[in-house]
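Me: Could we go through this structure together? I would like to begin with charged pairs and then turn to helix packing.

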Amino acid sequence: MNVPATREDLMIVNMGPHHPSMHGVLRLIVTLDGEDVIDCEPILGYLHRGMEKIAENRTIIQYLPYVTRWDYLATMFTEAITVNAPEQLGNIQVPKRASYIRVIMLELSRIASHLLWLGPFMADIGAQTPFFYIFRERELVYDLFEAATGYENDAYRHYWCRRSNKLGVVRTNATSFRNTMDLRKVDRYECYDEFDWEVQWQKEGDSLSRYLVRIGEMVESIKIIQQALEGIPGGPYENLEIRCFDRVRNPELNDFDYRFISKKPSPTFELSKQELYVRVEAPKGELGVFLIGDQNVFPWRWKIRPPGFINLQILPQLVKRMKLADIMTILDWNT
């Protein structure tokens, strides 16, 4: 943290980890000259659970219950990347119907994540009522998740624009919060290239623009879900043949009769001796996993690339010369 040595009467303030807006996972050491922010140092690691080392001592199936703790706002994406990595490592083919179902669940999770960002953020900057509206809508999504797995307000519009416009401007060639590159378009994973949708972006790069990007992404997610529901194909939703991974394949395992066997073995297979990096377009940005196999049922290396950690690197530059009250506006847009 670089504090000017010539300045006097500077105040150093801790924001978090127990500040209500930090949610217990982040601490900021803020240097203030009155209300003006001179410097800011993020302190991370308050939510570290050793997830990578746990992965290296579990099979993929054993590890799946843990991964929702990576990002409890976008749980479907953490599960998706956890199964996509070994699928690509073992060249496992996913049935078309399963791919459509994954897209539907991922986009529902994107909407739920953006909603839970929107409500608490508005509460952090003083608009409390929308917080209750977003939970009403988010519960509809979680009702669907529970059934599948077992488990904007006009009154604030002018206030919203006044509090977020021209704050936290990113002066780069990138667009608002993310650039025009969307991994769903670039990597063409699952079946996103079969749907008609647009990448959302804004050129201003401030907090208001990042709000518009996320609202636009929710609209595009609804379009993708509608198209997926209309065009979802029939056929199997799981590849039963791959349960005999690295053994002699038996195509009969994918026949109709085998779908109703009460006890199906869990696919505990060896991860081949190679390495790869897999990524998905999560609600906060790029979520990736670097995986190394070593002819073992456990990964030799499992490295998580979270989007939030990358985004926080720019925070000290965004909040300098801003007011103390603007920190939460910029921080919530940045995470």
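Reply: The answers below cover salt bridges, one threonine and the packing of several helices. Please note that the model is predicted.

Me: Good. How many salt bridges are there?

Reply: The count comes to 17 salt bridges.

Me: Let us take lysine 323. Which residue does its side chain meet in a salt bridge?

Reply: The partner of lysine 323 is aspartate 36, with an N to O distance of 2.7 Å.

Me: And how accessible are those two?

Reply: Lysine 323 has a relative accessible area of 41%, so it counts as partly exposed. Aspartate 36 is partly exposed as well, at 28%.

Me: What does arginine 136 pair with?

Reply: Arginine 136 forms a salt bridge with glutamate 137, and the closest N and O atoms are 2.8 Å apart. Glutamate 137 is partly exposed, its relative accessible area being 33%.

Me: What about aspartate 193: which arginine does it bridge to, and how far apart are the closest N and O atoms?

Reply: Aspartate 193 bridges to arginine 188, with 3.8 Å between the closest N and O atoms. The limit for a salt bridge is 4 Å, so this pair still qualifies.

Me: Is arginine 188 buried or exposed?

Reply: Arginine 188 is exposed, with 54% relative accessibility.

Me: Which residues are joined into a network by salt bridges that share partners?

Reply: Glu107, Arg110, Asp182 and Arg184 are joined into one network in that way.

Me: Changing topic: where is threonine 82, and what surrounds it?

Reply: Threonine 82 lies in helix α3, which spans residues 75-89. Its relative accessible area is 0%, and threonine 82 is therefore buried. Leaving aside residues up to four places away in sequence, threonine 82 touches Ile60, Tyr63, Leu64, Val67, Trp70 and Trp302.

Me: Several of those numbers look like α2. How do α2 and α3 cross?

Reply: Helix α2 covers residues 60-67, and its axis comes within 9 Å of that of α3, with a crossing angle of roughly 160°. An angle over 145 degrees counts as roughly antiparallel, and α2 and α3 are therefore roughly antiparallel to each other. Their crossing is right-handed.

Me: Which residues meet there?

Reply: From α2, Ile60, Tyr63, Leu64 and Val67 take part. On the α3 side they meet Thr78, Glu79, Thr82, Val83 and Pro86.

Me: Now α5. How many residues does it have, and how far does it reach?

Reply: Helix α5 (residues 129-149) has 21 residues and reaches 31 Å from first to last C-alpha, close to the expected 30 Å. It is followed by glycine 150, whose phi is positive, near 85°.

Me: Which residues of α5 are buried, and what do they pack against?

Reply: Pro130, Ile134, Arg138, Val141, Tyr142 and Phe145 are buried in α5. The buried residues of this helix pack against α3 and α4, the latter being residues 96-124.

Me: Then what is the geometry of α4 and α5?

Reply: Their axes come within 9 Å and cross at roughly 155°. That angle makes α4 roughly antiparallel to α5. The crossing of α4 and α5 is left-handed.

Me: Which side chains belong to that contact?

Reply: Among the α4 residues making the contact are Met105, Leu108, Ala112, Leu115 and Met122. The α5 residues include Phe131, Ile134, Arg138, Val141 and Phe145. Glutamate 137, mentioned above as the partner of arginine 136, also belongs to the α5 side of this contact.

Notes:
Residues are numbered from 1 along each chain as its sequence is written. This is a predicted model: local features need pLDDT of at least 70, side-chain atom pairs count only at pLDDT 80 or more; totals for chains, interfaces and linings use all residues. Side-chain values use heavy atoms; hydrogens and water are left out. Buried means under 20% relative accessible area, exposed over 50%, partly exposed in between (1.4 Å probe, protein chains only). Helices (H or I, at least four residues) and strands (E, at least two) are DSSP runs, numbered from the N terminus. Contact means heavy atoms within 4.5 Å. The expected span of a helix is 1.5 Å times one less than its number of residues. Axes are lines fitted to C-alpha atoms, for helices over the stretch in contact, and angles run from 0 to 180 degrees between N-to-C directions. Angles under 35 degrees count as roughly parallel, over 145 as roughly antiparallel, 65 to 115 as roughly perpendicular and the rest as oblique. A crossing is left-handed if the near helix is turned anticlockwise from the far one by less than a right angle, and right-handed if clockwise.
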